[in-house]
Amino acid sequence: MPEPAPEPTCETAPETTPEPALELRGITAGYDRREPVLREVSLTVGDGEAVGLLGPSGCGKSTLARVAALLHRPQAGTVRLAGRPAHGFHHRAPRELRTTVGVVFQQPRLAADPRLTLADLIAEPLRATGRRAEVRVRLPALAASVGLGGDLLARRPHEVSDGQLQRACLARALVLRPRLLVCDEMTAMLDASTTAALVAAVEEYRREHGTALLAVGHDRVLLERWCDRTVEFKTLLPR
Ligand SMILES: Nc1ncnc2c1ncn2[C@@H]1O[C@H](COP(=O)(O)OP(=O)(O)OP(=O)(O)O)[C@@H](O)[C@H]1O
């Protein structure tokens, strides 16, 4: 006779919901303390979730993206990354918090150091965080996953197209395996086929690593296809 299955007990561990990748609460931020661009804005991106942020030009989407990426300090409000507070630091947030977010901007030529080869551009965050040994292991696969191969990696930004440079910027944003990727108009300067290739590369990466995404843009059709949900900037303001 087989042993009867044990009765379930109420001591079974409760199911835990993972912390959201990003929680912004009551964010007030801008460039002039008297006239903030963002006033008490709140936004949550769940663990592994993809959220598209839409809104009219100048409403503050990029400012919000920069707050989420810990590149712009808010005047008020709280920022949590994967449940950990990332606000209120005297200088800037510690490195292990900053590296939980990767960011890609609209204009790769403004974001990329013109002196570095694409290989060095992608690998630099690994070197800067003392993980030099991982460069040889991780770089070829990551570069290939964003569609960069052959001699492109040995070229400098002025020797490649905007699309190729943006692929390198995407790989750089992913090289430390962030929990959250922020794409601020990542494809705004690119043609349809390069846009499709970059979005596919992000999606492939997210499928493999469960990375959450905050994608800022104007292209509603693209963001609705790409993301789990889209939000209008105005809905993030207090009611
Ligand atoms: N570095 C800065 N210094 C001063 N003002 C800035 C700076 N960056 C942005 N602003 C201003 O903040 C406001 C919001 O800009 P932001 O770029 O966040 O808007 P956006 O919604 O992303 O716009 P777009 O869709 O056109 O990119 C604008 O009025 C802009 O002029």
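Reader: Where does V135 lie in this model?
Author: V135 lies in helix α5, which covers residues 135-145. Keep in mind that this is a predicted model.

Reader: Why is V135 called partly exposed?
Author: V135 has 17 other C-beta atoms within 10 Å. A buried residue needs 20 or more and an exposed one has 12 or fewer, so a value in between is called partly exposed. V135 is therefore partly exposed.

Reader: Which residues does V135 touch, leaving aside those up to four places away in sequence?
Author: V135 touches A123, L126 and R127. Contact here requires C-beta atoms within 7 Å. As for I122, 13 residues apart from V135 along the chain, the two C-alpha atoms are separated by 9.1 Å.

Reader: Happy with that. On to the sheet: what makes β6 and β9 edge strands?
Author: The open sheet has 5 strands in the order β6-β7-β8-β3-β9, with parallel pairing. β6 (101-104) and β9 (229-232) each have a single partner strand, so one side of each is left without a neighbour in the sheet. Neighbouring strands are turned by 20° against each other on average, direction ignored.

Reader: How do you know that β7 and β8 pair?
Author: Pairing requires at least two bridges, and β7 (residues 180-184) and β8 (residues 212-216) have 5 bridges in the parallel sense. In one of these strands, β8, A212 is the bridge partner of L180.

Reader: Which strands does helix α1 touch?
Author: Helix α1 (residues 61-68) packs on the sheet, touching β3 (50-54), β6, β7 and β8. The direction of α1 makes about 155° with that of β8.

Notes
Residues numbered from 1 in each chain as written. Predicted model: local features only at pLDDT ≥ 70, side-chain atom pairs only at ≥ 80, totals over all residues. Helix = DSSP H or I, 4+ residues; strand = E, 2+ residues; numbered from the N terminus. Axes fitted to C-alpha atoms, helices over the stretch in contact; angles between N-to-C directions. Contact = placed C-beta atoms within 7 Å.
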